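The following exercises are to be worked through with the sequence and the coordinates at hand. Each task is followed by a stepwise solution.

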Amino acid sequence: MRAWLVVIVVNLALLIGVGGGYLYWGRQAEQLAVELKAARKAPQLPEREWTDVAGVVRGVMPELGVVVLSHGDMQGYMRPMTMGFKVASPQLYQGLEVGDDVRFTLRGRPPRVNIVAMEKAAR
């Protein structure tokens, strides 16, 4: 096969591959832009509050303003699990140690919620 024919075939393959990929991903990006616009227009969830939630301290990260808790069920929000929560004030986690039982109040618009009250629970 002659060299010029190989060059033409390779260039044609690249053109088809890159062009097809560009068309596909361009349509994907366009669809994402439409979905984002619709999501921004959608009404925000109302601010909610979950009170007297039981939990166990698994970690305190003061540099991030986060407390990691294993918590009980939060009706209408999430099932029991272990996760980190932002804390509204650094005073809320002062004096807490890993393993402490706590009761806390969570407030915000999901998924942006903060712990606004927390106290050690009686054992």
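**Exercise 1.** Which residues form a nonpolar patch on the surface, and what is their accessible area together?

*Solution.* The model under study is a predicted one. Step 1: the members of the nonpolar surface patch are Trp4, Leu5, Ile8 and Val9. Step 2: together these four residues have about 390 Å² of accessible area.

**Exercise 2.** Locate leucine 5 in the secondary structure and classify leucine 5 as buried, partly exposed or exposed.

*Solution.* Step 1: leucine 5 lies in helix H1, which covers residues 3-41. Step 2: the relative accessible area of leucine 5 is 32%. Step 3: buried means under 20% and exposed means over 50%. Leucine 5, at 32%, is therefore partly exposed.

**Exercise 3.** Describe the order of the secondary structure elements and determine how spread out the chain is.

*Solution.* Step 1: the chain contains 1 helix and 5 strands. Step 2: along the sequence they follow the pattern α-β-β-β-β-β. Step 3: the radius of gyration is 26 Å, whereas the globule rule gives 14 Å for 123 residues; the chain is therefore more spread out than a compact globule. Step 4: the C-alpha trace spans about 85 × 35 × 25 Å along its principal axes.

**Exercise 4.** What percentage of the residues in the chain is buried, and how much accessible surface does the chain have?

*Solution.* Step 1: of the 123 residues, 24% are buried. Step 2: the accessible surface of the chain is about 9100 Å². Step 3: carbon and sulfur atoms account for 59% of that surface.

Key. Residues numbered from 1 in each chain as written. Predicted model: local features only at pLDDT ≥ 70, side-chain atom pairs only at ≥ 80, totals over all residues. Heavy atoms only, no water. Patch = residues over 30% accessible without salt bridge, like charges linked within 9 Å, V, L, I, M, F, W, Y side chains within 5 Å. Areas by Shrake-Rupley, 256 points an atom, 1.4 Å probe, with all protein chains shown as cover. Salt bridge = Lys/Arg side-chain N within 4 Å of Asp/Glu carboxyl O. Helix = DSSP H or I, 4+ residues; strand = E, 2+ residues; numbered from the N terminus. Buried < 20%, exposed > 50% of the residue type's maximum accessible area, 1.4 Å probe, protein only. Rg over C-alpha atoms; globule rule 2.2 N^0.38 Å.
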